[in-house]
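The following note sets out points on strand pairing, charged contacts and aromatic contacts. Please read it alongside the coordinates.

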Amino acid sequence: MTTPVRRHRGGAVQDRPLGWARNPLTEFDQLLSEMSGLIESTVGGAAPAVAWTPLADVTESDDAFHVELELPGVKSKDINVEANGQELVVTGEIKEKERKGVLRRSTRRTGSFEYRLRLPGEVDTEKINAEISDGVLTITVPKAEVTKPRHVQISETSQSTESSG
């Protein structure tokens, strides 16, 4: 059996088969989720928990790194933020709701999550600030004083003694 392919207007055959997702990682993630569900239904028990990584944005300003993680429905007590040198680690758990009736389909993430980030410079771990609002955890990691750019003022001195030859 041949795999159906999509043809462009010029008649050229596209390299990817039909149905191939634009982002292969999304398709892989969906495949893992389906396999996990298959294992649960076959074995009858819960499959071993695998930590997943929440979506995040990392930006850098002159004086700090800013990390925003999407954690909808997570309470601050269920999140742990640790900094060790240049590494930032955010772990926690999204607990599954207790439901009445039969759950027919679920695509929301639950269970343990872990986000690791190695920052590209020295940071001041004593002044890290984290706050959660509207399902977004915002972490501000200040840069250490040694890594901040410093403007050096150049002073001019005039020659007070002139030599005559």
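1. Strand 4 and strand 9 run antiparallel and are joined by seven bridges. Two strands are taken to pair if DSSP finds at least two bridges between them; strands are DSSP runs (E, at least two residues) and helices likewise (H or I, at least four), numbered from the N terminus. Within this pairing, H66 stands opposite T140 in strand 9.

2. The model is predicted, so local features need pLDDT of at least 70 and side-chain atom pairs count only at pLDDT 80 or more, while totals for chains, interfaces and linings use all residues. Residues are numbered from 1 along each chain as its sequence is written, and side-chain values use heavy atoms, with hydrogens and water left out.

3. Strand 9 also pairs with strand 8 (residues 129–133), in the antiparallel sense and over five bridges. Here A130 stands opposite I139 of strand 9. The hairpin of strand 8 and strand 9 has two residues between the strands, and in this hairpin D134 takes a positive phi near 55°.

4. An open sheet is formed by three strands in the order 5-6-7, with antiparallel pairing. Strand 5 (79–84) and strand 7 are the edge strands, each pairing on one side only. On average, neighbouring strands of this sheet are turned by 10° against each other, direction ignored; the axes are lines fitted to C-alpha atoms, for helices over the stretch in contact, and angles run from 0 to 180 degrees between N-to-C directions. Six bridges connect strand 5 with strand 6 (residues 87–94), and N80 has T91 of strand 6 as its bridge partner.

5. How many salt bridges does the structure hold? There are five, where a salt bridge requires a side-chain nitrogen of Lys or Arg within 4 Å of a carboxyl oxygen of Asp or Glu. One of them joins the side chains of E60 and K143, at 2.6 Å from N to O. E60 lies in strand 3 and K143 in the segment after strand 9 (136–142), so this pair ties together parts that are 83 residues apart in sequence. E60 is exposed at 53% relative accessible area, whereas K143 counts as buried at 11%; buried means under 20%, exposed over 50% and partly exposed in between (1.4 Å probe, protein chains only).

6. K143 has a further contact: its charged end sits over the ring of F65, 5.3 Å from the ring centre. The criterion is NZ of Lys or CZ of Arg within 6 Å of the ring centre and within 35 degrees of the ring normal.

7. D78 and K95 form another salt bridge, with the closest N and O atoms 3.6 Å apart. D78 lies in the loop between strand 4 (64–70) and strand 5, and K95 in the loop between strand 6 and strand 7, so the pair ties together parts 17 residues apart in sequence. In the salt bridge of D124 with K127, the closest N and O atoms are 3.8 Å apart.

8. A search of the whole structure finds one aromatic pair. The ring centres of W52 and F113 are 5.7 Å apart and the planes stand at 50°, so the pair is tilted. Rings of Phe, Tyr and Trp (its six-membered ring) pair if their centres lie within 6.5 Å; planes under 30 degrees apart count as stacked, over 60 as edge-to-face and the rest as tilted. Both W52 and F113 are buried.
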